[in-house]
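This briefing concerns a predicted model and how its chains meet. Please consult the sequence and the structure below before reading the points that follow.

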Amino acid sequence: MTKSTARDLFPGALEMMILESLRRQPAHGYALVQHIQQRSNNLLQVEEGSLYPALQRLLKANLVKARWGVSSTNRRVRTYQITAAGLRHLEQEISSFERMFEGISLVLTPGRSEAT
Amino acid sequence: MNWLLDIFRRRRIYGDLAEEMRIHLEERTEQFANEGMSRKEAEQAARRAFGNSTLLEERSREVWRMPFVESFGTDLKLVFRRLGKSPGFAATVILTLAIGIGANTAVFSVTNSVLFRPLPYPDAEQLVAIRLIAPGAAGLADFSSGLRLSSSMYFTFAEQKRTFQSFGVWNTGTASVTGVDQPHEVHTAWISDGVLQALSVPPVLGRWLLPADQDPHGAKPVMLSYGYWQRRFGGDRSVIGRSIAIDGQSRQIVGVMPKGFELVNAEFDVITPFAFDRNKQQLAGFGLQGIARLKPGIPIAQANEDVKRMLPIWEDSWPSGVKGFNPHFYEKNWKIAPAIRPLKQEVIGSVGNVLWVVMATIGVVMLIACTNVANLLLVRADGRQQELAVRAALGASRGRIAWELLLESVALGLIGGVLGIGIAYEGLRLLAAIGPADLPRLGEISLDGRSLWFTLALSLLSGLLFGSIPVLKYVGARMPTALRGAGRTVSVSRERQRSRDLLVVAQVAMALVLLVSAMLMIRTFQALRHVEPGFSQPEHLQTMRISIPPSLVPDPQMVTRMQNNIVDKLAAIPGVTSVGFADAMPMEGIESNWNGIQIEGKKSDETAPMRLFRYVSPGFFHTSGTRMIAGRELTWTEIYGRRPVAIISENLARESWGSASAALHKRLQDLPDTPWFEVVGVVEDVHVNGVQEKAPAIVYWPSMVEGIYGPHTFGATRGATFVVRSDRAGTEAFLSEIQQGVWSVNPSLPLASVRTMQEIYSQSLARTSFTLVMLGIAGSMALVLGIIGIYGVISYAVSQRTREIGIRLALGEQRGRLRWMFVRSALVLTGCGLAIGLAAAAGLVGLMKSLLYGVSPMDPVTYLSVLMVLAASAVLASYLPARRAAAVNPVEALRAE
């Protein structure tokens, strides 16, 4: 049972989390992965590589921008930064996600007692 | 334009991406190493955590692409690269498809141009041919597909019409033109007012013929066809107002019709107006064709009602010319009734049947070609099976693999289609050159937009059709089996061979249907060749038309003298055995007169059966090789003496008096109050409308005759076809001697339609021989493709079973038995195909019944011979690979492991 609880994210979830992380501070890919894993208490099991297609989508949509630089560990890294459009997009996504989450919880709540 | 920029930026983007991902892995590896893993373990753990880097990189790159277009482009590139690697396969498939699609496109273009496209007149769907039927007029159906209109009907219909916008009558004929360089014969179209108005095609120069031009006492105008204007007047625009003499009548040129304009289905050089004299009209004289433009929205049924309403008016309006004639005779006894039909149907005639059959045949050839290509693809996919299985195991989806296979076959189809258009274009040029002259609308045939759409659709469809067979076979297969099967120790499974077997069965079945229909056409042709046409050795019969217009020789007696002189002059030419003439030769397509003929002593009622009339000279039958059954030919003395004598056809003699000899010295009569004619000879039946038509009953009158068409009328046949029997017929020198001979009698007599009887005869068979050639080509293509199919399947089976054969041989199998095993498997397939084909053929050949003559659609000879040919071909096609199988060296076959 415990094994099967690891489920795929819904489309757009990864992008949303990336944008949220970048809102706090610009970061490169590896740091983003680290950040998301720590924040989620390792509950989300995401293939690290799947970050990159998401980042490319965000780049293409001009929601983030990227720049090559040198990291604190003195490594050549590509740092991503959220844009103004990215911020707006994130607000919208979060509010629509919250509505969806609320809806799902409402549906699931009364059923919980019966299931146990 | 963002996407354009993207393409330029892309290289850098991809570079950044790869770099970034590499750094990520490095960082992760370092992290794990710091946590105490060995370098190697750390690398592996990092990769596991990262996921499938190739796939993820591909997904990331895809973000920057127009996914559909680009992956399509890449796939296409792959397809071409793969095809380039097997040029033999690609060339075979493309050539097969190009020929198949080309043939189909060509035939479709013909069908489209002839059957589907509207006639080249404005609002052509409103145009109708006014035809009448007269089921009560006995004998009429023998030589005419209906009753034509009379000139009195023209007056009634034109004045009383309610459903027609315009109505007119027309006819065609020939006339001689003098006054423009040499005297020559032209094709004339005679029209009444209303014909040009109905067709609504304006002249390219000058004006139409107008109602005023119909005045029998008024000016005499003429219009020219575009072709004649170009040929004779070099396209000179000042011809308007000039005069030419047509049959000795001076006529002023008032207009020129545009290029390509045809009067219904008639080509013509000049258009002249009828000038009916209203005061001299009678009911009878049914020789005109009617044409009308319906008022918008009027259905044909309503137009028929309109004509039905006008027929009694017509009967009451005009005299019959015969005393005591009941004016409602035509309605009561002949049961005359309208049978209007669309003008298009009139133009196309019965050629629709031929085209549909040819189209279906060529379509089946295409299907056979597709099965052959499918077979090749199956073999090819077999070779790729391991690759496909590996790819599936590595995560390629079934849809992806199916898409690639289909893309390859559709690409093949489209390349074949492009080449096919070239082939169709050439084919149509060839067709225009060799096609039957009686194919209507031949000049209009072209590759148009619709044909190109057809080609595209056909290419795509055939690509999908033959492409889907390997797709169904291999994409649906369970991959683990496929992977294992690709190992070397397994012989070919039955399952793999089965779809190829099915294709061969289908091929044999379709080839059988085609061969049966081709064979039926051959049998039809044979049957037609065995019909005695009513003349002999047509290749030695030189024919030509000579008309003597009244303006040149007014007196009929003098006309006959002149014709007699021509006969004598031509008979004196070295190598000529005999000479004669008639108003028309059989199968020449010249309209003949006919009327009801009374037999003396039989009860005289008003419905005497219709008989065809011909007017002949002495010696005509001897010259053309028509056998005299009884009695003798006419003599010049009888002709000059205007003696009431006639010759009749054998079937008329039998019908009227029981036998040919009994008919001699009996008498017959055309109209009441005209003289009785004595039968002096009976000749064999002549198939005047072509050998496939029944020979009609014919009365042969003397070339100069008195008393037909009423008492005291008398006339000579002015337009005559002369026939000369000679071994030299058709040679250049002979023709110029004939020309000299005729001109020595009168230098202003034009010779027209100079050809041998063989040409006339062949032309009458043109449609049948055209169908025969088309079906013959289709049938042989089917046979060859079928043989290739059987050969291919058996030899592939042999190559796949080499190991098994080796084992069998090593265990002591006889080589003869081994050969028989493969031949037998081919025969089993062929047998299944033949059984299915027989059932299909029996159902389908009924459709071509109207094209057959003298042979039943179930003709046993046809079926037996086709079965034998196919079975023999199957044995041959399988024997060659079977021999190869038996020649296998067991040691080598097993060592190849």
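A polar contact is a pair of N or O atoms within 3.5 Å; within protein, one atom must be able to donate a hydrogen and the other to accept it, and residues adjacent in sequence count only if both atoms are side-chain atoms. By this rule, 13 residue pairs are in polar contact between chain B and chain A, both residues being at pLDDT 80 or more. The model is predicted: local features need pLDDT of at least 70, side-chain atom pairs count only at pLDDT 80 or more, and totals for chains, interfaces and linings use all residues. Residues are numbered from 1 along each chain as its sequence is written, chains are lettered from A and ligands numbered from 1 in the order in which they are written, and side-chain values use heavy atoms, with hydrogens and water left out.

**Interface of chain B and chain A**

- Contact (heavy atoms within 4.5 Å) joins 23 residues of chain B to 21 residues of chain A.
- The two chains bury about 2100 Å² between them, 53% of it on carbon and sulfur atoms; buried area is the accessible area (1.4 Å probe) that two parts lose on being put together, summed over both.
- On the chain B side, the most area is lost to chain A by Glu20(B), His24(B) and Glu27(B), which together account for 29% of what that side buries.
- Six salt bridges cross the interface, each defined as a side-chain nitrogen of Lys or Arg within 4 Å of a carboxyl oxygen of Asp or Glu.
- A salt bridge links the side chains of Glu48(A) and Arg28(B), at 2.5 Å from N to O.

**Elements supplying the chain B side**

- Helices (H or I, at least four residues) are DSSP runs numbered from the N terminus.
- Helix 1 (2–34), helix 2 (39–50) and helix 3 (53–62) of chain B each supply at least two residues of the side touching chain A.
- Helix 1 of chain B gives the most, with 14 residues.

**Helix 3 of chain A**

- In helix 3 (residues 51–60) of chain A, eight of the ten residues are buried, that is, under 20% relative accessible area (1.4 Å probe, protein chains only).
- Among them are Leu51(A), Tyr52(A), Pro53(A) and Leu59(A).
- Asn62(A), which follows this helix, has a positive phi near 60 degrees.

**Confidence**

- The model scores ipTM 0.84 and pTM 0.71.
- Over residues 485–491 of chain B, pLDDT stays under 50.
- Where pLDDT is low, the predicted coordinates should not be read in detail.

Conventions. pLDDT is the predictor's confidence in each residue, from 0 to 100. Buried means under 20% relative accessible area, exposed over 50%, partly exposed in between (1.4 Å probe, protein chains only).
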